[in-house]
Amino acid sequence: MEHLVEQSVDQDARFLNEKDEAKRHLDMLVEYELVNHDDGQYWVHCLPGEDLSAWRERTRSPEAIYRLVQQANQQRERESQLALPETFEYGNEKFVSVPADENTDKMDLASVVAKQTNRSSTFDGIVVRSPADQIGYIQQLADELCDAEAMGEADLPYYFEKVASNIRGEHKDNLEYHLYLRSVL
């Protein structure tokens, strides 16, 4: 019982310390006039997307703070650009890479395809990549992706048609199968 009481006291102390630290951060933002505070509530005074003139009107030392916010936004943009999906070219077409294996089903693959293709502005299709020893399963999965009726339930605005396939790798024990599928509306 004594141990439980000690645990509870420790948890309460950690919570209060975290709460105090968050309040210190918010109070610092109030001091810089980025955040307003009244009756125990905080609200944003300057939005990151506003231009420097708006910040000058509302804050102390706006240039320094504005620069920091702009740097953070630029860093976030660079990171999101780095997160673009991997693409492969086949012929003159661009295919978004989608990994798959024997545990992947049509709906899993459709979900990954939707996410990957939303992050890539221009693509002609997908390249399903898998370990080479799973060619048979991937071919069956591709047959489902190429069936317009079957793809209707996958919530994608298109289905696929097979373009080509190949096997890549430098060692016979580490080969990767690539199946290129063109999207069809």
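Student: In which sense do E5 and strand E7 pair, and over how many bridges?
Tutor: They pair in the antiparallel sense, with seven bridges, and E7 covers residues 176–184. Keep in mind that this is a predicted model.

Student: Can you give me one pair to look for? Which residue in E7 is the bridge partner of serine 130?
Tutor: Look for tyrosine 177, which is the partner of serine 130.

Student: And what about E4 and E5, parallel or antiparallel?
Tutor: Parallel, over five bridges, with E4 running through residues 93–99. For a landmark there, find proline 99, which stands opposite arginine 129 in E5.

Student: Is E5 mostly covered or mostly open, then?
Tutor: Mostly covered: E5 takes in residues 125–131, and six of its seven residues are buried.

Student: How much of the chain is buried?
Tutor: For the chain of 185 residues, the buried share is 28%.

Student: Let's zoom out. How many helices and strands are there?
Tutor: You'll find six helices and seven strands. Following the sequence, the pattern reads α-β-β-α-α-β-β-α-β-α-α-β-β.

Student: Last one: what is the accessible surface of the chain?
Tutor: It comes to about 12600 Å², and carbon and sulfur atoms account for 49% of that surface.

Notes. Residues numbered from 1 in each chain as written. Predicted model: local features only at pLDDT ≥ 70, side-chain atom pairs only at ≥ 80, totals over all residues. Heavy atoms only, no water. Buried < 20%, exposed > 50% of the residue type's maximum accessible area, 1.4 Å probe, protein only. Helix = DSSP H or I, 4+ residues; strand = E, 2+ residues; numbered from the N terminus. Pairing = 2+ DSSP bridges. Areas by Shrake-Rupley, 256 points an atom, 1.4 Å probe, with all protein chains shown as cover.
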